[in-house]
Amino acid sequence: MSKTPGAASFRTSAEAYNRHIGRYGSALARALIEIANVSVGQRALDAGCGPGALAAELCQVLGSNGVAAIDPTAPFVEACAQRLPGVDVRLATAEELPFPDDSFDVALSQLAVNFMREPPAGVREMRRVTRPGGTVAAAVWDYAGEMTLLRRFWDAAVSLDPEAAESDEGRSMPYCTPDELERLWREAGLQTPAVSARVVEAEYRDFDDLWQSLEHGSGPSTAYASSLSPGRRAELRDELRRRLGLREAPFRLTARAWCVVGRVA
Ligand SMILES: C[S@@+](CC[C@H](N)C(=O)[O-])C[C@H]1O[C@@H](n2cnc3c(N)ncnc32)[C@H](O)[C@@H]1O
């Protein structure tokens with residue numbers, strides 16, 4: 001069983017999530033849709049949909065009738081359902097998908113596999129609900145390397161507080177390297193698993209825009225920042241600003257994701 005915080009670290013509003021990590025979501029979703037070769041007429045599942053960045057992009061290709069989405073975080077499910085009328089959005093975990101076998105042509109998961117309580121069970125379920133010959137694919141951040149925002153954040157945090165290393169997503173997140181993803185897909189019974197990198201960008205008005213979105217966002221980085229006293233949080237803020245080396249505003253940050261794709265036998 002994974003030690004990751006699962007749905008618990010996403011007790012937040014969809015708007016707060018969208019300002020923080022959601023900023024990168026639409027661009028990453030378009031990349032994942034391209035990698036999975038999603039095409040008109042197919043039916044797709046978004047497993048771990050959050051407020052719906054991937055489901056929204058899937059609707060652009062498949063229409064709302066062609067898309068279903070699940071997530072265990074109730075405010076995200078509500079936000080996704082409101083944002084995307086006609087999409088079948090349900091409160092559920094990937095480990096227990098509420099769909100019969102072979103329901104979809106493609107099952108996708110964006111930035112969620114590493115938050116599942118049991119990622120192998122979640123991916124096996126994604127395979128089960130996908131028809132023979134269909135596609136199962138996912139994207140996760142390269143937390144240990146080139147997800148700039150989170151990498152710089154945790155480097156700053158650990159430099160001020162060595163105990164922050166325990167929370168550093170670059171160390172704590174499972175299934176966030178090409179080898180682990182390839183093995184996860186193969187062991188779930190998916191054929192010809194292939195992993196590739198995609199780099200996306202997000203824009204920030206200025207450093208305050210970035211810090212506010214992180215401080216009031218969701219997930220492990222926000223949880224860590226919120227756990228600090230005001231004084232230590234201010235030190236972390238200054239250290240992050242220094243490490244980002246920003247010279248102008250507005251600015252853009254890049255984020256690298258690992259994307260894995262495999263076929264159902
Ligand atoms: C970083 S967010 C990604 C949300 C969305 N896919 C996106 O790209 O913006 C991680 C999501 O995984 C969801 N999650 C946590 N545990 C899960 C599980 N066992 N099965 C499916 N999703 C899960 C969380 O509720 C959260 O919405």
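1. A search of the whole structure, which is a predicted model, finds 0 disulfides. C49 takes part in no disulfide, and the nearest cysteine sulfur, that of C80, is 4.0 Å away. Because a disulfide requires the two sulfur atoms to lie within 2.5 Å, the 4.0 Å between the sulfur of C80 and that of C49 is too far for a bond.

2. Both cysteines can also be described by their accessibility: C49 counts as buried, at 6% relative accessibility, and C80 likewise counts as buried, at 0%.

3. Turning to the ligand, there are 20 residues around it, of which Y17, G48, D71, T73 and Q110 come nearest. The residues of this shell divide into 11 nonpolar, 6 polar and 3 charged.

4. A polar side-chain atom of T73 lies 2.6 Å from an oxygen atom of the ligand, while a backbone N or O atom of Q110 lies 2.7 Å from a ligand nitrogen atom and a backbone N or O atom of A94 lies 3.0 Å from a nitrogen atom of the ligand. On its own the ligand has 590 Å² of accessible area, and the protein covers 98% of that area.

5. A separate point concerns D105, which is found in strand β4, spanning residues 104-110. With a relative accessible area of 17%, D105 is buried, and its side chain reaches the backbone nitrogen of R43 at 2.7 Å. Leaving aside residues up to four places away in sequence, D105 touches G41, Q42, R43, T130, R131, G134 and T135.

How values were computed. Residues numbered from 1 in each chain as written. Predicted model: local features only at pLDDT ≥ 70, side-chain atom pairs only at ≥ 80, totals over all residues. Heavy atoms only, no water. Helix = DSSP H or I, 4+ residues; strand = E, 2+ residues; numbered from the N terminus. Buried < 20%, exposed > 50% of the residue type's maximum accessible area, 1.4 Å probe, protein only. Polar contact = N/O pair within 3.5 Å; in protein donor to acceptor, adjacent residues only side chain to side chain. Contact = heavy atoms within 4.5 Å. Near = heavy atom within 4 Å. Areas by Shrake-Rupley, 256 points an atom, 1.4 Å probe, with all protein chains shown as cover. Nonpolar A, V, L, I, M, F, W, Y, C, P; charged D, E, K, R; others polar.
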